[in-house]
Amino acid sequence: MLQITDVSRRFGDVPALSGVSLEIRQGEFFALLGPSGCGKTTLLRILAGFEEPDAGTVTLDGADLLTQAAHRRPVNLMFQSYALFPHMTVAKNVAYGLERERLPKAEIRERVAEVLEKVGLTETAGRRPDRLSGGQRQRVALARAIVKRPRLLLLDEPLSALDKKVRAEMQLELKRLQHEVGITFVVVTHDQEEAMSLADRIAVLNAGRVEQVDAPVTLYERPATPFVAGFVGANNLFRGTACTGGLSCEGLGVLAGPDGLEEGASALLAVRPERVVLAESGAERDSAGDDADAAEGVEAQDGSGDAVEAVQDTLEGAEVVAEGQGTSPEANAPDVNNAPSGAIEGAGALRGRVADVSFYGGVSHVSVLVPGRDGVVLVATQGATRVQVGSSVTLTWAAEDGVLIPQ
Ligand SMILES: Nc1ncnc2c1ncn2[C@@H]1O[C@H](COP(=O)(O)OP(=O)(O)OP(=O)(O)O)[C@@H](O)[C@H]1O
């Protein structure tokens, strides 16, 4: 196990790392995720032995790592640039580290052949790096890093040099390989998708501090801090104070969220775009009057009960956009810009007007302008949506789909 305890490092006035503590398990695929400048690389360099912390300890399986010279550590670092020797063949590049250790030639040959097979490069053993694709070069760098059988492999933005398709392939490859060789991998990345898809657990770093350490799904669904909620995935974030039923938000009323925080506590409500249910008010209007009636209907029905259900009942006949029922929005849309607020009183729901619709293959993103809120509310629906820009819509979500984060 890799144990990092209270590690700090300053560069002049800049605290690159402030009291970082992490426990990384043997054989784990661990990601350090954070924006540029948050200290990821500094931590990686400390683990590799290229940098010394001002304070703190690092042990690997109980042994102090910091007192060992870089080249003596059972740790290998795979550089972002791969740093391959251009004049050497693939096999020579991979053998280099073992030759420096003066291992017997036969053993070197055997280990190089074994690792080249693992990364699928047996056929290209005799080629120089400039005759390889980006993905193949990455495999050589990986082969070179694992051939020395380190206990810990550090990877600095390992896939950033690859194009999207190759990157997806290499993600799978990296996971397979890590599983096969059983080495602990610590990957540094600013790309949350990469961290999510690769890692067993992720530490989110912000300004030299660890904000949260969790499995990808937990991190995504239950962000523990405002920073994580904003950084991981596209969350809809609402600021306000905790109250019964969720969050009391100025200009928007009470928004559905879980209980749990002290009443009146300053909080952030995070709602994932795919959790927001979007219904076209226009369709509802066709069957039950205009948009204002819809809001009033909700109030009349249920001012205090299950708000989401109330709105959904009221909107019976309206279609959830994911199911693809279009209407003629322009004709029916109320003038949202002139409405005092996008809140539907007592319903925990919002109404607004569609500002943008983008289709991304498997999902559509609908941006909704809600009066009383700065910026849009983002809604993600499966497949293509038929809702149109300008449509008047109602947005709801279940209380348990919101995450209330103290501020
Ligand atoms: N050798 C150095 N001298 C001075 N400041 C440094 C040095 N190395 C890092 N820093 C500063 O420390 C902070 C953390 O840097 P670090 O490279 O660890 O961040 P990072 O999260 O890896 O960023 P990036 O993703 O851009 O590489 C930054 O503000 C950086 O400017």
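1. Basis. Residues are numbered from 1 along each chain as its sequence is written. Because the model is predicted, local features need pLDDT of at least 70 and side-chain atom pairs count only at pLDDT 80 or more, while totals for chains, interfaces and linings use all residues.

2. Ligand site. The shell around the ligand includes Phe11, Val14, Lys40 and His190; a residue is near the ligand if its C-beta atom, placed from the backbone, lies within 6 Å of it. Helices (H or I, at least four residues) and strands (E, at least two) are DSSP runs, numbered from the N terminus.

3. Sheet. Four strands form an open sheet in the order E2-E1-E4-E5, with antiparallel pairing; two strands pair if DSSP finds at least two bridges between them. E2 and strand E5 (63–64) are the edge strands, each pairing on one side only. Seven bridges join strand E1 (residues 2–11) to E2, and Leu2 stands opposite Ile24 in E2.

4. Helix H4. Which residues of H4 are buried? They are Arg137, Gln138, Arg139, Val140, Ala141, Leu142, Ala143, Arg144, Ala145 and Ile146. Buried means that 20 or more other C-beta atoms, placed from the backbone, lie within 10 Å of the residue's own. Ten of the 13 residues of H4 are buried, so this helix is largely enclosed by the rest of the structure.

Conventions: A residue is buried if 20 or more other C-beta atoms lie within 10 Å of its own, exposed if 12 or fewer, and partly exposed in between; C-beta atoms are placed from the backbone.
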